[in-house]
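Let's take a walk through a protein model together.

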Amino acid sequence: MPKAKAQTKQNDSDIYHNLVSKQKEFFKSGVTKPVKWRIKQLNKLFSAIKAHETDILQALMTDLNKTEFEAYSTEIGLVYNEIRYHKKHVKKWAKIKKSHGELFFFPGKTRVYPEPFGCTLIMSPWNYPFLLTIDPLVSAISAGNTAILKTSEYSTATSQVIENIIKESFLPEFITTVQGGYVQNQQLLHEHFDFIFFTGSSRVGKVVMESAAKFLTPVCLELGGKSPCIVDKTANIPIAARRIVWGKFLNAGQTCVAPDYVLVDESIKESLVNAINQEILNQYGEEPLSNPELPKIINSTHFSRLVSLVPDAQTDAANNKISPTILDLGAINSKTVSNHPIMKEEIFGPLLPVISFNNLDEVIDFVYNRPTPLALYFFSKNRKSQKQIFTTLRFGGGCINDVIYQLVSEKLPFGGCGESGMGRYHGKYGFDTFTHLKGVVKQSSWFDLKVRYAPHEKNLETVKKFLK
């Protein structure tokens, strides 16, 4: 490595180390702990987003070709709701909780103290670059932490707007941003944070977890996976097709909880495929590539990867756009399904494989024997089948007769399990994720229960009465 580059990396490393040290000192001062102060910071964030709303919309258009409607409804508006919800409830969440009825502690009392972790690192992706940076930040602020935001190098316009918002609103020892790519990620992960929140691919998630393990730093990993969408023969086909097309091709398929592939009962497969194609026509027109409401693929690298999966897809290479494309892979147990590269990894683009099945047992085996998905969707009117699917299969979250909407509510936990991640956030779940719940016993000194002290020859029966 040339000496100048090595020196630059060393200087950056020193900057990040000093930044983490300053945030830890700021947290140690206790400034972030009063709930009134936290609410004040949430108000600052809300006001700053309002002031920069036009800039955010323009940045999302630049990075992903998102229309104002899509940018507001899937990013900015959700952040506003999250901030409002935390402001309304954080006082209750942050209260010391009393516990009653533990006779063994008499005359003492037990309490649970919600305590912020301290200096946190939030690493965000490019597909929803504003939402998936600011949403976890809201939880971090609400819980009383400091935060360093590592934004994506791919969504550069949005990353710059976020940096502007944070710089104008907060001291760097409380919240700051870091832009850049792999080098910056690695340098940050060499630092000792108190908590790390990561959203991105499973591959990078493993690197984050490995780095965190060196310091035994707790992590929340929001990853992805191949989320199945199951349609049985009792489903309302027009509704299912309409909602699948909306959810799959939202953000050009670059959504971690998008339906990755459709499993459909063989008896209705042709009807569903026809309905999906009709919905693509209804929602995107006869020439989707010319439709300004179709977002683009983030960059040429991802565009090329997607085209390699389905070379026959209609594309606009100059603008990194791919037309919504349906791919019929045949029966669930066929070699085509087993061998096709599109079934080997999360698609993350506007390509939708369709696979037929004959019974739900086939579907359960197929999904069960693959990595745990972040989401699962089931279109069916049969309550027995609904119960069978949702109690048998493991996945992060999902919907019956809809897609993606589990992501929207502040009252539902959002997160993966197994290969799709660990931890959860949104609303109180986000507050809890950025909080350590500290159990404390407050004991009296005017009474001492002597049964716990040696000698114990006469105390066993007494202890059994307490602990049976």
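We start with strands and then turn to aromatic rings.

First, some ground rules: this is a predicted model, in which local features need pLDDT of at least 70 and side-chain atom pairs count only at pLDDT 80 or more, while totals for chains, interfaces and linings use all residues. Residues are numbered from 1 along each chain as its sequence is written, and side-chain values use heavy atoms, with hydrogens and water left out.

Find strand E4, residues 146-150. Helices (H or I, at least four residues) and strands (E, at least two) are DSSP runs, numbered from the N terminus. Five of the five residues in E4 are buried, where buried means under 20% relative accessible area, exposed means over 50%, and partly exposed lies in between (1.4 Å probe, protein chains only). Thr 146, Ile 148 and Lys 150 point one way from E4, while Ala 147 and Leu 149 point the other way.

Which strands pair with E4? Strand E3 (residues 119-123) runs parallel to E4, with five bridges between them, and E5 is also parallel to E4, joined by four bridges. Two strands pair if DSSP finds at least two bridges between them. You can look for Thr 120, whose bridge partner in E4 is Ala 147, and for Ile 148, whose partner in E5 is Thr 176. The chain goes from E4 through H6 to E5 in a right-handed β-α-β crossover; right-handed means that, with the strands pointing away from the viewer, the path from the first strand over the helix to the second runs clockwise. E3, helix H5 (residues 131-143) and E4 also make a right-handed β-α-β unit.

Now for the rings: the structure holds 17 aromatic pairs. Rings of Phe, Tyr and Trp (its six-membered ring) pair if their centres lie within 6.5 Å; planes under 30 degrees apart count as stacked, over 60 as edge-to-face and the rest as tilted. Trp 37 and Phe 174 are edge-to-face because their ring centres are 4.8 Å apart and their planes stand at 65°. This pair links distant parts of the chain, 137 residues apart, with Trp 37 in helix H2 (residues 35-51) and Phe 174 in the loop between helix H6 (156-169) and strand E5 (175-178). Phe 174 is buried at 3% relative accessibility, whereas Trp 37 is partly exposed at 22%.

Finally, ring pairs link Phe 117, Phe 195, Phe 197, Phe 414, Tyr 425 and Phe 434 into a cluster. Phe 197 and Tyr 425 are both buried.
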